[in-house]
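Hi,

Here is the structure I promised to pass on to you. Have a look at it first, and my notes on what turned up follow below.

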Amino acid sequence: MIRFLADTWRDALLRPVAMAAPNSSVYIEIAAPDFRFILALGLAVLALISVRKANRRPPDWLPTLALFALIFLSFIPWMHTTGNGRYFMPYLILIGPLCIALINLLQSTANMKVFLTIAVLGLQGFALYQNTPWRPVDSWTWIEWKDAPYLPLEFAKEAIDPEAIYVTIAVPTYSLAAPLFPASSRWINISTFGSSDTDKQSALYAPVKKALQSGKPLKLFMVSAPRSMKDGSIQPDQNAINQITPYLEAHDLRLKSPTNCQLIKSKSMAPTGFIVTEESPAARERVIEQSGFWICPIEYAVSPRQSNALTAEQLGAKALFEKMEQICPRFFNPGQQGVSYHRSGFQRRYSVSDSFLIATGDGHLYFKYDRTLNPQLIGTAEDVLSPGFSFDCTKFKGRAGLPWEREI
Amino acid sequence: MTSHAKGAKPTEAMRLLERLELPFVLIVFWLIFISVPLYLGHLGLSWDALNHHIYLGWVADAPRFDKDYAAASNQAYQYPYLYWPVYKLAISGFSGQAAGVVLATLHLITVPPVWMVAKVLIPAQGMHAMAMRVAAVLLAFMSAVPLKMLESTGNDLLAAAPFLWAVALAFQAIAPPAPVPHSRITRTAVIAGLLVGLAVSFKFSHGPLAVLFPLLFVFCDGPWRARLGWVTLSAFAVALGFVITYGYWGYLLWLQFENPIYPFYDGYFQLWRNGSGLQP
């Protein structure tokens, strides 16, 4: 994952400055402007000048120097590994005392020190006030834990099979529901195991396979999709079944036919369903009413393997993706075999860089970063595949440059 | 403003005020911390919470290796014990607001080490120095990242507590002007190292920061050979602290996957499992 890593030396060296930008996804997902690092650097220069002018060093200079060195040298391993603010927590805190200690080192009047302290507190306080971390937008919160229980689930205990194996097919896994079920129930997330596990029957996958073949009742546990339910029913419609089936088939599983899903309603899940705004009040009411989780009986059944042979169009897209994987392997980690459909052609997801490569039907290759509105043209298929093609991997739209230079 | 740094004797009232400084800071921060969930009326459940925070607390209560497989995807195998409080609060029927107040109170453990560092950086006596120290602690927490933790089930702030305590202890050894006995610095280097090892167990992400931490002892007062010894000792203590605190969980992962830090670096351990040895 290179989400918060700098792409150039310039970006890496200027990270303390970039951290002051009121943009999200600079060093953490949320907008968390932090002036303290750049202020500490400025105050350090002032303190250095001030101390050099004094006849003797102030007694408190050594611990301040130690903290300054510790924090700013720690940028090196931090920026080399993740650059994620959550993983820099000790120094995101200790930078505060460092700023005040540097003010304290200045050979100036007490009133001047008080003024500077208030100015620093005011500036950082203003940044915090303008970007309150608890606002509902640009937040980490998916659902709110208000009253007990933390995840309200409407189900009768006797309707739950305590011996069942619950299979989840996506992430987030919603494993927070698991402790609300009988402790004897078992939980498996099959999306964790990729084709390399299933094809090679890896040692890690063997016990999963054994559990799925154990004959115990198998249940698919997933977030319900009220908009993809049959009319007047809680059962998944054909569209939902079509979406679910490939995930199950990859592990020789299938929905029992006819589908007989339970709906466990959860009022906490209702707000997550409101993305479509053009629905009628009745349709919205239905979404609220039927938000929650499906529990659907599934069974082990070796399904006929679909041919892995790619069409000529898919092979063309694959060649484009693999060319970019050679040119920018840090962004597009090689090793994937398949290509997915995209409404304009084919795509390949690169979670390591939060991005997609999209090969359109009209012969163009695009880069699409998760945080941009529009894709970026890389070139025509002909150009990309030509032997002399090159691309500057530090120029990807949306993540290239300092926060204020980034395009959307 | 009065400063007693230059030898003037502090008054009785001033001494009393200084004794009350840390309790005052703790009370103020407790009120600030708990005001977040009280004001919001809920705790936010993020992607991570839906995926693994609560589940890991459940696992901390009783391992489920015999039942589940990757129930929380690969995050199911993170060090689970620091998630136990939020799980216990959740499963015990606390409201989000009440759980938030309890967790906010637990987060108070991060405040004293910050104040201790501020006290070393600004050691003077008197109202002015006291105000500067309070401002230093205030500015420490004026970041959206730690404040966000007070509204969520994330434990990054709590996991940083041993690291902050380690820095605070190390600064006691650096603190001028009175010479610190070498035996005390040695003891501090070991204890601080052990605490950093604990922080690494809590979150592997502290690992890169832990690499530089022992260098703090370069700033202690003593001959260079002794300083080098303290740095080495502290680095050793970091490793030891990690082994001691992570050992049991690592052992469980080893039994399950033959990789004590699964799923990290599993490619290397795969070679081990295949019988071709652990290779770079």
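A:Ile143 stands opposite B:Leu45 in β1(B). Strand β1 (residues 141-145) of chain A and strand β1 (residues 43-46) of chain B run antiparallel and are joined by four bridges; strands are DSSP runs of E of at least two residues, and helices are runs of H or I of at least four, numbered from the N terminus. Two strands pair if DSSP finds at least two bridges between them.

Please keep in mind that this is a predicted model, where local features need pLDDT of at least 70 and side-chain atom pairs count only at pLDDT 80 or more, while totals for chains, interfaces and linings use all residues. Residues are numbered from 1 along each chain as its sequence is written, chains are lettered from A in the order in which they are written, and side-chain values use heavy atoms, leaving out hydrogens and water.

Now the contact as a whole (heavy atoms within 4.5 Å). Chain B brings 84 residues to it and chain A brings 84 residues. About 7200 Å² is buried between chain B and chain A, 75% of it from carbon and sulfur atoms; this is the accessible area (1.4 Å probe) lost on putting the two parts together, summed over both. B:Leu50, B:Tyr69 and B:Leu139 supply 11% of the area that chain B buries against chain A, more than any other three residues.

There are two salt bridges between chain B and chain A, meaning a Lys or Arg side-chain nitrogen within 4 Å of an Asp or Glu carboxyl oxygen. B:Asp48 forms a salt bridge with A:Arg86, with the closest N and O atoms 3.9 Å apart.

Best wishes
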